[in-house]
Structure formats: structure tokens, C-alpha cells
Amino acid sequence: MSILITGGAGYIGSHTCVEMLAAGYEVVVIDNLSNGSKLAIERVEQITGKSVRFYNADVRNKEALCRIFEENSIDAVVHFAGYKAIGESVKEPLMYYENNIVNTLTLLEVMREFGVKKMVFSSSASVYGKSEAMPVSEDAPLCAISPYGRTKLFIEEMLRDLYASDNSWCMALLRYFNPVGAHQSGMIGEAPKEIPNNLMPYISQVAVGKLEHLNVFGNDYNTSDGTGSRDYIHVVDLAKGHVKAVEWTMSESGCEAFNLGTGKGTTVMELRDAFVRTNGVDIPYVVTSRRPGDCDVLYACADKARSELNWQAQLSIEDMCRDTWNWQKNNPDGYEK
Ligand code: NAD
Ligand code: WQD
């Protein structure tokens with residue numbers, strides 16, 4: 001069976017290519033390399049000993065998409081392609097609506113034209129906004145607080161409407177919590193092109209000496225040590241969740257959201273300390289003011305993914321810290337050099 005992976009040259013996409021190939025699927029990738037790297041695809045091929053059919057094209061380009069569906073017998077689509085930086089989405093909302101929403105619309109139109117009605121979509125815990133009840137389950141109220149989060153929410157609504165109009169579609173909306181870590185080989189990982197916004201890549205760039213110290217955004221939250229708490233999930237566990245979700249789309253019809261998280265919160269200081277302890281490196285830090293829009297605590301109820309997708313995260317915070325560092329120290333400039 002052939003799976004089209006949009007955004008497959010990016011962080012989560014490249015790890016998902018590895019797991020899909022390992023599970024015996026053929027993989028076709030479309031990526032415009034706006035934030036991905038062709039080298040990531042080459043390394044996926046080295047890790048798996050299998051080949052990936054790669055198209056350097058934009059998902060908004062309908063002709064290019066049609067050509068891919070003509071040249072390959074696609075059974076299902078895993079849709080990662082999009083922009084993902086919350087701060088940038090506040091400054092450039094139209095750029096985010098234009099890429100994330102238009103590319104999904106174009107993709108759905110072409111899928112419908114070719115009769116391919118199985119999709120796994122990269123949603124995000126950001127659709128929950130500032131949820132009060134923890135752990136947060138899929139039926140919690142949805143209320144995104146950034147343009148980025150709203151693109152995910154609107155796309156989810158679009159997919160629900162499409163399913164309501166035609167029940168032969170099957171769509172899994174995967175709401176990721178905080179993906180971190182890298183493949184155990186150290187050959188693929190997260191490669192931010194600019195100063196990282198997210199905690200784990202920031203910590204690892206401090207460890208490798210590219211950044212001076214970690215800024216801890218507030219220590220007066222309502223948590224055990226006052227720093228924000230999140231549900232960090234190893235990217236390899238996350239990638240395996242996509243294999244399970246693709247299998248689910250093959251045997252069901254429906255449009256369902258699934259949280260992909262561990263169900264456990266870890267604070268900023270706990271993550272920083274685990275990184276120091278696991279890797280024997282120092283991470284100097286300074287406590288600064290809160291980052292606007294951040295909440296105290298966010299972690300998943302992952303029961304639905306366990307019971308319906310037969311998926312559960314396996315890897316620990318220590319595994320996440322070890323694999324992040326293994327990738328970062330071997331590739332201090334990501335895929336650049
Ligand atoms: P990423 O930026 O590493 O990967 C996205 C890939 O899509 C990149 O390779 C980029 O070049 C490509 N792309 C973007 N727009 C495109 C377009 N119009 N046509 C073709 N290719 C395009 O990001 P990631 O961390 O791997 O995230 C993948 C998906 O998961 C995104 O949709 C993101 O919003 C979502 N997500 C990510 C996180 C996270 O923390 N990383 C959390 C929740 C959800
Ligand atoms: C984690 C914690 C910060 C950086 C975002 C999106 C979410 C998903 C993942 C896309 C918070 C603190 C951070 C730093 C810090 N992405 N922090 N110093 O904000 O939970 O989630 O990325 O869909 O939708 O909202 O992740 O890694 O930015 O922050 O103290 O330099 O680390 O305050 O408590 P976040 P994060």
C-alpha cells in the first residue's frame with residue numbers, strides 16, 4: 001500500500017516516513033522544503049534501507065498534486081505540510097491561513113477527484129486553548145488562542161463538514177501535545193532554521209553552545225516548582241501513532257479526533273534537570289517573565305488513542321533527552337552542514 005506524506009521532509013514527517021516504511025508501506029513525499037530538508041529524506045532511506053519517492057512541490061499547486069496521484073496509486077494521505085510557529089502566526093496571520101488552509105483545501109479536492117478518502121491530519125493540542133480540566137480529553141471545549149491554533153481548528157471543522165456530507169471518508173485528526181526527541185540513530189531530528197521557540201530544541205542548543213542560557217518563562221505558575229508543565233512526547237512514539245491511525249482509516253469510516261500524548265505533565269525545570277542528568281551537560285538558566293498566552297499546565301488524556309487506535313506512548317523523558325542530545329551533538333547545525 002502507498003501512503004502520500006505531505007511535509008515528509010520535516011521533523012515529524014521524516015520520523016513518520018521511517019515508521020511507515022518499517023511497517024511495510026510504500027512512501028511518497030511531497031514537500032516544498034520551506035522548512036524541511038532533502039537530506040532528511042536521504043537519511044530516512046539510509047535508516048530503513050528502503051526508497052522514498054520524493055516530489056519537491058507545494059501542496060497548494062493542484063497540478064503538481066494531480067500528477068502525484070496519477071503517477072502513484074495512493075491509498076491514504078498523512079498531512080503534515082503547514083506552518084507551525086505560534087508567534088509568527090500572530091505577526092503574519094494571512095500567511096498562516098493561506099498556507100495551512102489553502103493547502104488542505106487543495107489536497108482534499110484532489111483526493112476527492114482521485115477517490116482517495118482516507119486522511120490522517122496533524123492537528124494540535126493548541127485547539128484546546130486554555131483548558132481548565134486536566135487531563136484534557138478529546139471532548140473538551142475547543143477554543144484556539146492564536147491564528148496558528150485557529151488554522152488547526154478550522155481545518156478540523158472542514159474535515160468534520162466533509163465527513164458529514166459524505167460518510168465514505170475516514171479521517172483521523174491527531175492532536176499532538178509537545179513532540180520532542182529524535183530518531184535513536186541520531187540521523188534525523190528537529191532542525192529549527194532560526195532561534196528555537198520551543199523548550200527542548202532551545203535546551204539542546206544551549207547544551208551544544210549555540211545559545212548562552214535557557215530563559216525559563218516564569219516560575220510563579222500553579223505547579224510543583226512554579227514553572228509551566230506540559231506533556232512531552234517522543235517523536236518516534238508519535239510517528240508510530242500515525243501508523244496506527246493509518247491502519248484505523250483502512251478499517252473504519254468516520255472523522256475522529258485523538259490526543260497523542262503520554263498523559264503525564266513535566267515542568268520546565270524537571271525537563272531541564274532531566275537533560276542535565278541524562279546527558280552530563282550543563283544547562284545554565286535565568287528565570288524571566290511569563291510568555292504571553294502560556295498556561296500553567298497542559299497534558300493529555302490519551303485513553304481514546306489507546307482503546308481505539310491500540311497505541312500508547314512507550315518512551316520516557318530520559319529517552320527524549322538522550323535522543324535529542326544524540327541528534328544535536330552529531331548535527332549541531334541541523335541539516336545545514
Ligand atoms: P516542520 O516544519 O518540520 O514540517 C512541516 C513540513 O511541511 C516542512 O518540511 C515544510 O517544508 C513542509 N511544508 C510547509 N508548507 C508546505 C506546502 N505548502 N507544501 C509542501 N510542503 C510544505 O513541522 P513539524 O514539527 O514536523 O510539524 C508537522 C505538522 O505537525 C505541522 O502541521 C504542525 O503544525 C503539526 N504540529 C507540530 C507540533 C510540533 O510541536 N512540532 C505540534 C502539534 C502539531
Ligand atoms: C513549553 C514550556 C514555556 C521555551 C507549543 C504549541 C503547541 C505545539 C507545541 C504546535 C512552556 C516554557 C519554552 C523557552 C521556556 N505546537 N519555555 N523557555 O507552548 O507548550 O506548545 O508547541 O502545534 O501547540 O502551543 O511548547 O516548548 O514552546 O513551551 O520556559 O525558551 O516551556 O513557557 O511552559 P508549548 P513550548
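Student: At roughly what angle do the axes of helix α9 and helix α11 cross, and within what distance do they come?

Tutor: Two packed helices are described by the angle between their axes and by the distance between those axes. In this predicted model, the axes of α9 (residues 268–279) and α11 (residues 317–330) cross at roughly 65° and come within 9 Å. Angles of 65 to 115 degrees count as roughly perpendicular, and α9 and α11 are therefore roughly perpendicular to each other. Their crossing is right-handed.

Student: Which residues make the contact between α9 and α11?

Tutor: On the α9 side they are L271, A274, F275, R277, T278 and N279, and α11 contributes I317, E318, C321, R322, T324 and W325. By class, the residues of this contact comprise six nonpolar, three polar and three charged.

Student: How are α5 and α6 oriented, parallel or perpendicular?

Tutor: The description again rests on the angle between the axes and the distance between them. Helix α5 (residues 93–113) packs against helix α6 (residues 147–165) at an angle of about 20°, and their axes are 9 Å apart. Angles under 35 degrees count as roughly parallel, so α5 and α6 are roughly parallel to each other. The crossing of this pair is right-handed.

Student: Which residues of α5 and α6 meet, and how do the residues of the contact divide by class?

Tutor: From α5 come P93, Y96, Y97, N100, I101, T104, L105 and L108; in α6 they meet P147, Y148, R150, T151, F154, I155, M158, L159 and L162. The contact divides into 13 nonpolar residues, three polar and one charged.

Student: Turning to the ligands, which residues come nearest to ligand 1?

Tutor: There are 28 residues around ligand 1, of which D31, N35, K84, N99 and Y148 come nearest. For N35, an N or O atom of the side chain is 2.7 Å from an oxygen atom of ligand 1. The backbone takes part as well: an N or O atom of the V59 backbone lies 2.9 Å from a nitrogen atom of the ligand, and one of the F80 backbone lies 2.8 Å from an oxygen atom of ligand 1.

Student: How many residues surround ligand 2, and which are the closest?

Tutor: Ligand 2 is surrounded by 19 residues, with S124, Y148, N215, R230 and D294 the closest. A backbone N or O atom of N215 lies 2.7 Å from a nitrogen atom of ligand 2. In the side chain of D294, an N or O atom is 2.6 Å from an oxygen atom of the ligand, while for the side chain of N178 the corresponding distance to an oxygen atom of ligand 2 is 3.0 Å.

Definitions and conventions. Residues numbered from 1 in each chain as written. Chains lettered and ligands numbered in written order. Predicted model: local features only at pLDDT ≥ 70, side-chain atom pairs only at ≥ 80, totals over all residues. Heavy atoms only, no water. Axes fitted to C-alpha atoms, helices over the stretch in contact; angles between N-to-C directions. Helix = DSSP H or I, 4+ residues; strand = E, 2+ residues; numbered from the N terminus. Parallel < 35°, antiparallel > 145°, perpendicular 65-115°, else oblique. Left-handed = near helix turned anticlockwise from the far one by under 90°. Contact = heavy atoms within 4.5 Å. Nonpolar A, V, L, I, M, F, W, Y, C, P; charged D, E, K, R; others polar. Near = heavy atom within 4 Å. Polar contact = N/O pair within 3.5 Å; in protein donor to acceptor, adjacent residues only side chain to side chain.
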